[in-house]
Amino acid sequence: MRKSDLFILYLGTLSGLLLLSLVDAGNRSHLATQQLAETRREVRALELTDLSLFTEARYTRHLSQSDRHTPFQDHPLALEHFPSGSLVAPPTLLRSGR
Amino acid sequence: MKAFIRKQRYLIDFTLSSLLRRPGKNLGLLVVYSLIVFLLASVMLFTHALRSEARLVLADSPEIILQRMVAGRHDLIPGSYLEKMGRIRGVIGKHGRLWGYFYDPAVQANYTLMVPRDRQLAEDEAVIGAAIARTRGVSRGDFLTFRSTDGNAYSFRVSAILASDSELVSADLILVSEQRFRTFFGIPEGYYTDLVLNVRNPKELRKVAEKLTLRLPDTRPILRDEILRTYDAIFNWRQGIVFVLLTGTILAFVIFAWDKASGLSAEERREIGILKAIGWETSDVIRMKFWEGAIISLSAFLLGYLTAYGHVFYANAGLFEPVLKGWSVLYPEFRLTPFIDGLQLATLFFFTVFPYTVATIVPIWRAAITDPDTVMR
Amino acid sequence: MEPIQLHQVKKAFNQGRPNEFWAIRGVDLTIQPHRATVLKGPSGSGKTTLLSMIGCLSRPTSGRITRGEQLLSGLPERFMTEIRRRTFGFIFQQFNLIKGLSVLENVMLPAYPLGPDHAQLSRSALELLHQFGLGTKAESRVEWLSGGEAQRTAICRALINDPEILIADEPTANLDSRLSREFMAIVDGLKQTGKTILLTSHDPVVFDSPVVDRVVEMSDGQIMDPSCC
């Protein structure tokens, strides 16, 4: 077998897998709509506002509800909640330069 | 056309043979290259999926939340504010919301206690999030006991566990009755954590918010749009941070790749001379080099992207979990829904394949236009 | 088949700079087809430079090289390559095989830009290798070959596009006298098949060989005895 044949086969397989990944993504997001609808229903029913991804501090747990104009939310000497704290963006107001 | 394809295949033949002469070096390059693409693609897929999911899920959160600020801090809001704000056009419903945090020293976790409006709970009853059930090792019918601010211990019977499908938003929730919530936290009757306003027409939201700040100057309205934007910004920021952390690595790789791709050894120069002498055109040599760059970068892109897809959507982004978890004890177990942004994928493709291929072609240009008779000298 | 004619061909290196050097200073020469011609002379006499101009590897600074009606010397690179590929086969002094590739691949290389049918090309390459006693070596890498085998590989490579003219620069410089004589035998065989052969050499095994039809002596970029041409 020629090297270029092997290469074409290899590239074809990988490209096929790439296409497959797109199809799989489409499929799975389609399947997930039910589950997402369930989650949405819960968000509506319980009036939730935030993702429970970072539960270590109140300003990371409810990002959208915390008063972002208070830099030290718990205590000036409070430990930084790493890494969530550093991964959360400072308020746009501070970042805009004025 | 047929001859063209045959020619390209010959060039690929030659390029592969030529790459295989230094298998260790080129394979090493491919592995490192793929790894970089893998990292970039993982971050990209992960943040995009999370962002899309947040946007989708939180689209049903309350339209307006009204917080009372006291001395720059979020404070309890009196129920009387519901009357005080008066009738505002467009508002179709308003009520108080009760929620708060509870730190559980037993597992050193923060819970979010909440009074649900969609169900009636008995005083000693609680519905808990799946992550709490997992961390505390409790199931339906078990009891949870917490010590409240007044020093008394209160027991809750776990009457249900929230569906684990919705863990992304409910992992740390404890739903309790209003009565128990108030006694537990010592919140007097008539006070709420914040107020929720329902507005049917999204176009009226801004107007309503303006009126609220005028009529209740000590309050802060939070619009649903802002919630969504917060999450958009967070994941952008997060992605940015990771990219910044990766910059060093990427730069190191760029230097390495540039050196590898553009550094033309005397050996390679001689080879180009030979090829030209035996009848290859300059354009053939450049095409051959194009294939060399394309084979490596295309492979790296495909391998990197595919492993990233597997990592994020089949292995639940195992590598990122520690970063996301941080200090939190309660962490939702969730399976990300694969949302793929075609534009992002195209960008990744462009930035991984294009520069490398160009870097391989450019230096060859100068070498390839030299006279072929150099091999005779 | 038409003869190749050179008219007042001159070649300068580093023209216009202080180290300007005229390697060829006006050569008139006619190379007859189906013959073996040797350019003989000490190193530095300009024979390799002349050879590379005839083989369309480089252009003369002035003068003309023609083949029948066709002008070879003033062509753009693309056409020069085209002619080189179809008309000339080269055997270099250092053999100039591409390391790391197999013998078969090396032989097939000059045909790649033409994009012929792969099965056919590898068949004719193998035939050539068999003809030159390299059949068993087709898959070995070229750096494992002995000097004689490497040269025969180079000859096969020169022949793959079935050129009319075979050009060899100092072909015996890296061979012992036995292999040199073997090489001349090969040249004889090729001449029989109607190839035009053009060699440079200062090896008596080459220019004293009965295979050679004509010896052109060169010195300092000129032909020593112009009357012979």
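Into which domains is chain B divided? Chain B has a domain 1, formed by 2-58 + 230-376, and a domain 2, formed by 62-223. These bounds come from an automatic or database domain assignment.

A word on conventions. This is a predicted model, in which local features need pLDDT of at least 70 and side-chain atom pairs count only at pLDDT 80 or more, while totals for chains, interfaces and linings use all residues. Residues are numbered from 1 along each chain as its sequence is written, and chains are lettered from A and ligands numbered from 1 in the order in which they are written.

Let us stay with the two domains. The C-alpha centres of domain 1 of chain B and domain 2 of chain B are 48 Å apart. Contact between them involves eight residues of domain 1 of chain B and 12 residues of domain 2 of chain B; two residues are in contact if their C-beta atoms, placed from the backbone, lie within 7 Å. On the domain 1 side, six of these residues are nonpolar, none is polar and two are charged. Here Ala, Val, Leu, Ile, Met, Phe, Trp, Tyr, Cys and Pro count as nonpolar, Asp, Glu, Lys and Arg as charged, and the others, Gly among them, as polar.

I turn now to chain A. It contains four helices and zero strands, in the order α-α-α-α along the sequence. Helices are DSSP runs of H or I with at least four residues, strands are runs of E with at least two, and both are numbered from the N terminus. Chain A has 98 residues, of which 31% count as buried, that is, with 20 or more other C-beta atoms within 10 Å of their own, those atoms being placed from the backbone.

How many residues of chain A are in contact with chain B? The number is 49, and they meet 60 residues of chain B. On the chain A side, helix H1 (3-46), helix H2 (58-61) and helix H3 (84-87) each give two or more residues, and H1(A) has the largest share, with 25 residues. By class, that side has 22 nonpolar, 14 polar and 13 charged residues.

Finally, chain B also meets chain C, with 24 residues of each in contact. Helix H1 (2-19), helix H9 (266-277) and helix H10 (282-313) of chain B each contribute two or more residues. H1(B) gives the most, nine residues. The chain B side comprises 12 nonpolar, four polar and eight charged residues.

Definitions and conventions. A residue is buried if 20 or more other C-beta atoms lie within 10 Å of its own, exposed if 12 or fewer, and partly exposed in between; C-beta atoms are placed from the backbone.
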